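Please examine the structure shown below. The paragraphs that follow begin with one residue and then turn to the place where two chains meet.

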Amino acid sequence: MYDFAYHRPKSVADAVGLLKGKPEARAMSGGMTLIPTLKQRLARPSDVVDLGGVKELAGIKVEGNNVVVGGMTRHADVATSAEVKAAIPALAHLAGHIGDPQVRNRGTIGGSVANNDPAADYPGAVVGLNATVTTNTRKIAADDFFKGLFETALADGELITSISFPKAEKAAYMKFPNPASRYAMVGVFVAKTAGGVRVAVTGAGPCVFRVKAMEDALAKNFSSAAIKDIKIPADGLNSDIHGSAEYRAHLVGVMARRAVDAANK
Amino acid sequence: MTAATGIGARVLRTEDKRFLTGNGRYVDDLPLARATYAYFLRSPHAHAKIKSIDISAAAKMPGVVNIFTGKDLVDAKVGGLICGWVVKDKHGQPHKAPAHPVMAVDTVRYVGDTVAMVVANTYDEAKDAAESIKVDYEVKPANVDPGRALDKGAVEVHPEAPGNLVYDWEIGVKADVDAAFAKAAHVTKLDLINNRLIPNAMEPRAAAADYDKGTGQYTLWSTSQNPHVLRLILSAFVLGIPEHKLRVIAPDVGGGFGSKIFCYADETMVCWAASRVGRPIKWTAERSESFQTDCHGRDHVTHAELAMDKDGKFLALKVDTIANMGAYLSTFSTAVPTYLYATLLAGQYTTPLIYANVKAVFTHTAPVDAYRGAGRPEATFVIESIVSKAAAEMKMDPAELRRKNFIPSTAFPYQTPVALQYDSGNYPPIIDEAIKIADYKGFEARRAEAKSRGKLRGIGFSSYIEACGLAPSQVIGQLGGGVGQWEAAQIKFNPTGNVQIMTGSHSHGQSHETTFAQIVSDKLGVPMEQIEIVHGDTATTPFGMGTYGSRSLAVGGSAIMKAADKIIAKGKKIAAHLMEASVADVVFENGTFKVAGTDKNVPLAQVVFAAYVPHNYPLAEVEPGMDENAFYDPANFVYPAGTQICEVEIDPDTGEVEIVNFTAVDDFGNIINPMVVEGQVHGGIVQGIGQALLEAAVYDKATGQLISGSYMDYTMPRADDVPSFKLGYKVTPCPHNPLGVKGCGEAGAIASPAAVMNAVHNALAPIGVKHVEMPATPLNVWQSIQGAQRQAAE
């Protein structure tokens, strides 16, 4: 990797201060994407601001109808949290199936969501549960947050402090992993909430997306039978040696039905 | 003899203590004072002309010690890398052998081809400087598909090999085979691709070298499976360093699977440059370099036809194969798809007539050479796939069809129509045992139960034979091999009674430190903890050919047995003197020399002591000391055989294949350590499952880029991809080596791809799927199902 200045601030304010005015500075949470990118010399940041020392960013609490997860909370902590398991078991399940134990004990929710890798799992839950992303400056609704391939609504130097997930009546996440990387080739998060039914798909396209036809059908009848004939167009979906766009489109249907069945269990 | 550590005992691995406590010593661990670090600039293009290389900016970068390019090697008259096996084509002409420069001179021929070497004070400085080297490439079109490499107009890799043909080779008499086909009641035809694989040893390749100006001695530490052979190649063909001035050390090595047999550009450069730089040089491949530059394996395109009579008796087999050699001919590449492949096409069967035609081709891809099994997995995949397909076509039970054609146990030694003479074997009891363990009879009930859960269940057989334990040197010579294939051992007792065994074999996962010690413990009655196995250093071990082709026990172990016989023979003379008896009356049992029929005895340790302190000693007849050497050249290959049965369940909605049962019954001859053998079989099966379901080296057909160049895209088998294996053994001892052993290192990988794919085809047959290529990934299986459904709809 190339040389860079390394910082380990103790507060959000200090972190924001360190990033300010440095267009080539990068914030690092778990480093699960950034470190390999640095090692392959694919990125050359002037500064790396390690958020690992910012204690206020980590932790899980239940506030009324919401589970609020701090930006620096590790996947393993979400997966094993009694509060998360009780309030939104699908979210704990999702976190427990990200990567491998090493990744789960280093990677964070804020890092994953801010990076918006098209094959990441968490965007499925954020959109599927209609979560709210809180940053150091504002609150952003899930539907407004994810903008495209590795693109989000975050401004330069803006940090995710927490993500608030409303509890769901029923929810489940089904992932079909890429055989090699085990990232989501297709991941479907289905939730039935007070605000309606949501079907969020990650992995299949350049960015997480909702499937309105499925949501409408499931709002009328929350069963896998209700969506069995809904075909997802392959246009615009990802295609690689592990899955053609047609295969991914097909898997969206399969994983959505399995998610609905799991949610109904 | 101590039964707990002798032949047949499940002795825990001696070497594990240091490996598991982090005390293994690998090339990269080596502390070398004043070391410099090398980084190799590699071609980003599959095919390009190098118009110029400008190192001027790079040379001024911080920490840079030296930069070398291909031109420096030309100026220094360094030889090219060699292919050590001359295969003669069907007209008797030697294969096309274009030059293989250590570093590219004017043309790069695959992504990863070596372009320049930067030596700097640190690795990062070397890498920084490499980014400043300006190479002006004229990018040219590439050919990466072996199936199209012979097409008219295909881009040529080397002008010396017109049409990309390395050789057009054949075995068998085509006219006889064609005549048999004309009389056949049924012919089964099969087209298949044996997918290209990347070895992925856990430890990447590494090299370090030091040059002693005072003595002119080079020391090269290398992740080699065969340090003596590497020294021989570097000395005699590439660098011209006299053999006695080059010491090659292969310390602990973390896996090879064949990929560390060969002499690569990297260690050649590190060794050569060490004397020019005047400081030691270290280099360790990054994983992405391993993907790009380790020799790959397999990569065949094959058409096969099997002729049968009306009862399913095999009449003849013909096979046409295109074998990809990559951009250059690696060390043993030419032998793999010929003498290690086509000579195996009889399998376990009495097929009386076989004809095979193999065309080896150049492509703009990394060189392809031996990879676990080397030719024999490809042969087994052809035979066992076509036999299962034939059984399905003829509506015969696949086990029955195999049994009907097995070579009977009374027919050994059995001369096949493709040169090999099988020494021993008894195949029917093996398949019977496998069928019993796998509960074959209960399969249809399991299939029905799976169907009730929406799963397609299938079962597949693979009955393999392999020729390993390479090999009788004269046979290898007749076939064009450039080396002998014997093995050597030295047994050196110390005066205090402990013993060092110097072996020419090299252990990089095979457990020699345990199993070779077991042989000596068993044979000489020395406790395990008093035995040291020394390997991997040309300065301390006798010349040996190294470890590959499941040869170390059968050949290297036999050399140890021969040396042990010499120890006993000499010990008898000394013991006879000590016991005042006639040598003819002395016997050796359980570590003690005895006079038959009396209670006179003297333990080996006392004889050894007498040999080193020869005060009361027959000096007139016997030299002092207890240190014996032996060389062993095998009389034949060894022929392990077995049957595997795989059972899969396929999810038709996603195309996922799950292996739910896996049985392997093998005949490895006598077994030294069952635990070690199980480890080898497990590992081999997992590698074969990797080939069948997961692994594929994929080059972009347009650009020649390696798409599967990291673990993000190259699927290695993981623990949760495989079931718990059920193993069984049948033993027919090898009749021609002193241990009666065959070989177990490659068997699992040789047999399992066919077992898995036959199960996949069996599962998918009811829904009309005719053929699925390896790897049967979810995408591949799903697309095959879609294709069958489309066809059914039409």
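T135(A) lies in strand β6 of chain A, which covers residues 132-135. The model is a predicted one. Is T135(A) buried or exposed? Its relative accessible area is 6%, and because this is under 20%, T135(A) counts as buried. Leaving aside residues up to four places away in sequence, T135(A) touches I140(A), L154(A), E158(A), L159(A), I160(A) and T161(A).

The next topic is the interface between the chains. Here 22 residues of chain A are in contact with 23 residues of chain B. Between them, the two chains bury an area of about 1900 Å², and carbon and sulfur atoms give 51% of this area. On the side of chain B, the residues that lose the most area to chain A are M712(B), L779(B) and W782(B); together they account for 27% of what that side buries.

Charged groups also meet across this interface. How many salt bridges does the rule find between chain B and chain A? There are 7. One of the pairs that form a salt bridge is R41(A) with D124(B), whose closest N and O atoms are 3.9 Å apart. The polar contacts between chain B and chain A amount to 13 residue pairs, with both residues at pLDDT 80 or more.

Two helices of chain B, α4 (123-131) and α19 (778-793), each supply at least two residues of the side that touches chain A. By residue type, that side of chain B consists of 11 charged, 8 nonpolar and 4 polar residues.

Technical notes:
Residues numbered from 1 in each chain as written. Chains lettered and ligands numbered in written order. Predicted model: local features only at pLDDT ≥ 70, side-chain atom pairs only at ≥ 80, totals over all residues. Heavy atoms only, no water. Contact = heavy atoms within 4.5 Å. Buried area = accessible area lost by both parts, 1.4 Å probe. Salt bridge = Lys/Arg side-chain N within 4 Å of Asp/Glu carboxyl O. Polar contact = N/O pair within 3.5 Å; in protein donor to acceptor, adjacent residues only side chain to side chain. Helix = DSSP H or I, 4+ residues; strand = E, 2+ residues; numbered from the N terminus. Nonpolar A, V, L, I, M, F, W, Y, C, P; charged D, E, K, R; others polar. Buried < 20%, exposed > 50% of the residue type's maximum accessible area, 1.4 Å probe, protein only.
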